[in-house]
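Please have the sequence and the model open while reading.

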Amino acid sequence: MSKGKVLVLHGPNLNLLGTRQPEIYGHQTLADIDNALREHALLEEWDINTLQSNHEGELIDAIHAARLDGSDAIIINPAAYTHTSVAILDALNAFDGKVIEVHLSNVHKRESFRHHSYVSLRADGVIAGLGSQGYHAALDALIREN
Ligand code: DQA
């Protein structure tokens, strides 16, 4: 029996991590990040599912599935959909658990169109600018709270 269950969602273009603008997003690949998160969750006896998608609807379907599969929380880096997607906000509003929004870069230090997040209207916590450590900080916050 696990102590909790979390879904980690990565939005569009994050499959390119490691080679995509490494000066902004770092040198780790998405697989590096997911593997470290899986290890972290396992040590704490948490269940973890991770998904990356370049498609808004697929991210929404995963949020809907999390409503039914016993997920306690969602950690989401919606990537560019952060700044555009009312549909992802609506899906998260239909999810009853905790939601933590993570950005690798400090979006507030960047172009002004990145300063607004639809997802932040729902998120219980927001972490930006800590690189991949942001996902671990989010997971720790969930574990300590449960
Ligand atoms: C990002 C920031 C977004 O503005 C951008 O579109 C991304 C990644 C981040 O993790 O820093 O793709 O969410």
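Glu 45 is partly exposed, with a relative accessibility of 44%; buried stands for under 20% relative accessible area, exposed for over 50%, and partly exposed for the range in between, using a 1.4 Å probe and protein chains only. Glu 45 forms a salt bridge with Lys 3, and their closest N and O atoms are 3.7 Å apart. A salt bridge here is a side-chain nitrogen of Lys or Arg within 4 Å of a carboxyl oxygen of Asp or Glu. The model is predicted: local features need pLDDT of at least 70, side-chain atom pairs count only at pLDDT 80 or more, and totals for chains, interfaces and linings use all residues. Residues are numbered from 1 along each chain as its sequence is written, and side-chain values use heavy atoms, with hydrogens and water left out.

- The whole structure holds six salt bridges, among them the pair Lys 3 and Glu 45.
- Lys 3 sits in the segment before strand S1 (4–10), while Glu 45 is in the loop between helix H2 (30–43) and strand S2 (46–52), so the pair links parts of the chain 42 residues apart. 
- Helices (H or I, at least four residues) and strands (E, at least two) are DSSP runs, numbered from the N terminus.
- Lys 3 is exposed, at 54% relative accessible area.
- Asp 69 and Lys 5 also form a salt bridge, with an N to O distance of 3.9 Å.
- Asp 69 belongs to the loop between H3 and S3 and Lys 5 to strand S1, so this bridge ties together parts 64 residues apart in sequence.
- Lys 5 is buried at 17% relative accessibility, whereas Asp 69 is partly exposed at 34%.

**A salt-bridge network**

- Arg 110 and Glu 111 form a salt bridge, their closest N and O atoms being 3.9 Å apart.
- Salt bridges with shared partners join Arg 110, Glu 111 and Arg 114 into one network.
- Arg 110 is buried, with a relative accessible area of 18%, and Glu 111 is partly exposed, with 36%.

**Burial of helix H4**

- Helix H4 spans residues 86–93, and its Ile 88, Leu 89, Ala 91 and Leu 92 are buried.
- These residues lie on the same side of H4 because they cover an arc of only 160° around the axis, taken from the directions from the helix axis to the C-beta atoms.
- The buried residues of H4 pack against helix H3 (56–68), strand S3 (73–77) and strand S4 (98–103), where contact means heavy atoms within 4.5 Å.
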